Amino acid sequence: MPADESLLIPPALDQLREHPEVVPEEVPGLLERLAEVPDPRDPRGVRHRLAAVLALTACAVLAGATSLLAVGEWIADAPPHVLEQVGAHPDPLLPGRILPAETTVRRLRARIDGDALDRAVGRWLADRRPKEPGAAGLRGLAVDGKSLRGAAKARGRKIHLLAALDHTTGLVLAQLDVGEKTNEITCFQPLLDTLADLAGAVVTSDAMHSQREHAEYLLGRDAHYIVIAKGNQKKLHRQLKSLPWKDIPLQGRTKGVGHGRSEIRRIKVATVTNLLFPGARQAVQIKRRRTDRKTGKTTIKTVYAVTSLTAEQATPEEVARERQYKNTEVNDGLTIRVR
């Protein structure tokens, strides 16, 4: 899918701004990943390698460039050691010109395969991810969608991305543009198909993705899930609500402050064998007590969830922590960002 004309900076490169701690030793790995992006140009007359142009654009974005004009200006003044690191070699026809012009960056940005660029950057970020699981022994992955602020298609439709985010590092490992003729549900499996290794991961998502097909897909890839049960799974929700929660002791309690409110979460977890959802092993009840710090208004809401994790694989506190991460609000911007 070509990158949209209205985007000032490709989202895949913009997300690097959130993780600028790149050391020189990692640049070759980034160049290798960027080389995976197909070059849309005719090989005849190509003066600058696509990977080098994308790497220079990424450097400009990391340095704070927020428009293609700013990217072009940064590239024009790029330090010699940066040019050497990214492999920006002199043009054999014009030895005096070693840098791609802003017009070159603009044309390439409009023609490259945006999804391929997303995959390349996501794989490089995954390469940098710590190999060990988090402190709780679980490797969490949040799947969520976000409409981009200030970016729209030619006919005015906002750009909407579905992203897979690593809980521990906050890295966006994969993202897809949700086209106007589809929706997040149909993009769930294609998004996760771009991740080579899902075995052992715990995928969290909102109620929209509480789909039987999604659960079966994750189980087929040796992954786990924690999903909310709402109106799109009416029978499951009724089944969860009817469990004898009053007889189940409180198993976890967390407190937090953020987004102008304080919140207390009380969690109960029950092992079950007959839930109306593929692979479900535990039922979860979370009571959220939220207080608006400005108005003092307090609301109490009960949420039900199911998970394929067994009691031996995850304690109630661990389930609550993974679920709480998914429920954290995301900021406006070009990528999914939490915490």
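Predicted model: local features only at pLDDT ≥ 70, side-chain atom pairs only at ≥ 80, totals over all residues.

1. With neighbours within four places in sequence left aside, Leu240 is in contact with Ala229, Trp245, Leu275, Ala283, Tyr304, Ala305 and Val306. Both Leu240 and Val306 are among the residues with the most contacts inside the largest nonpolar core, together with Leu192, Leu198 and Leu218. That core has 68 residues.

2. Another core, of 14 residues, lies apart from the largest one. Its members include Leu138, Val202, Ile267 and Ala314. As general background, nonpolar side chains in soluble globular proteins tend to be buried together.

3. Helix α4, residues 68-76, has Leu68, Val71, Gly72 and Ile75 buried. These residues are on the same side of α4, because they cover an arc of only 100° around the axis. The buried residues of α4 pack against α3 (50-62) and α6 (102-111).

4. The axes of α4 and α6 come within 8 Å and cross at roughly 135°; the two helices are therefore oblique to each other. Their crossing is right-handed. On the α4 side, the contact is made by Leu68, Leu69, Val71, Gly72 and Ile75, and α6 contributes Glu102, Val105, Arg106 and Arg109.

5. Asp222 deserves a separate remark. Most residues other than glycine have a negative phi. Asp222, although not a glycine, has a positive phi of about 60°. Asp222 is placed in the loop between α9 (212-220) and β5 (224-228). Is Asp222 buried or exposed? With a relative accessible area of 56%, Asp222 is exposed.

Terms used:
Residues numbered from 1 in each chain as written. Heavy atoms only, no water. Core = buried A, V, L, I, M, F, W, Y, C linked by side-chain atoms within 4.5 Å. Buried < 20%, exposed > 50% of the residue type's maximum accessible area, 1.4 Å probe, protein only. Contact = heavy atoms within 4.5 Å. Helix = DSSP H or I, 4+ residues; strand = E, 2+ residues; numbered from the N terminus. Arc of directions from axis to C-beta. Axes fitted to C-alpha atoms, helices over the stretch in contact; angles between N-to-C directions. Parallel < 35°, antiparallel > 145°, perpendicular 65-115°, else oblique. Left-handed = near helix turned anticlockwise from the far one by under 90°.
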